[in-house]
Amino acid sequence: MNLIQLLLPLCDNDGHPFPQSIYLQVRDELTEQFGGITTYVRSPAEGLWKEGLSDAVKDEIVIYEVMIKELDRGWWQAFRESLERLFRQESVVVRAIPMDML
């Protein structure tokens, strides 16, 4: 099994919140494709990183998770690229974590 995590920004690069319809679209597509999804949207997580010597950059994010048996890297790469266009981001983090069901 693999746990796929998608870290989605709450706001665009100018600080304007994305409409809820975008998140529902992503949720519905993943639910249709994989049969279920877990979303962490009540309390946004905070990402913080440094770009070169500049001040730290901060993002508030929501996390979507999907459990899958087979990892199709090509599908996930194309999906990540579509998320980057949808959210107008240079990069959206989509990560796969191998896991064992206990």
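Gln 5 is found in strand β1, where strands (E, at least two residues) and helices (H or I, at least four) are DSSP runs numbered from the N terminus. The model is predicted, so local features need pLDDT of at least 70 and side-chain atom pairs count only at pLDDT 80 or more, while totals for chains, interfaces and linings use all residues. Residues are numbered from 1 along each chain as its sequence is written, and side-chain values use heavy atoms, with hydrogens and water left out.

Gln 5 has a relative accessibility of 11% and therefore counts as buried. Buried means under 20% relative accessible area, exposed means over 50%, and partly exposed lies in between (1.4 Å probe, protein chains only). The side chain of Gln 5 makes a polar contact of 2.7 Å with the side chain of Glu 65. A polar contact with the side chain of Arg 95 is also 2.7 Å. Such a contact is a pair of N or O atoms within 3.5 Å; within protein, one must be able to donate a hydrogen and the other to accept it, and residues adjacent in sequence count only if both atoms are side-chain atoms. Leaving aside neighbours within four places in sequence, Gln 5 is in contact with Tyr 64, Glu 65, Val 93, Val 94, Arg 95 and Ile 97. Contact means heavy atoms within 4.5 Å.

Asn 2 also lies in strand β1, which covers residues 2–9. Asn 2 is buried, at 13% relative accessible area. Beyond four places in sequence, the contacts of Asn 2 include Val 66, Met 67, Ile 68 and Ile 97.

Glu 60 belongs to strand β3 (residues 56–68). Glu 60 is partly exposed, with 39% relative accessibility. Glu 60 and Leu 8 are 52 residues apart along the chain, yet their C-alpha atoms are separated by 8.4 Å.

The helices come next. The axes of α1 (residues 20–34) and α2 (residues 73–86) come within 12 Å and cross at roughly 165°. Axes are lines fitted to C-alpha atoms, for helices over the stretch in contact, and angles run from 0 to 180 degrees between N-to-C directions. In α1, Ile 22, Gln 25, Val 26, Glu 29, Leu 30, Gln 33 and Phe 34 meet Trp 75, Trp 76, Phe 79, Leu 83 and Leu 86 in α2.
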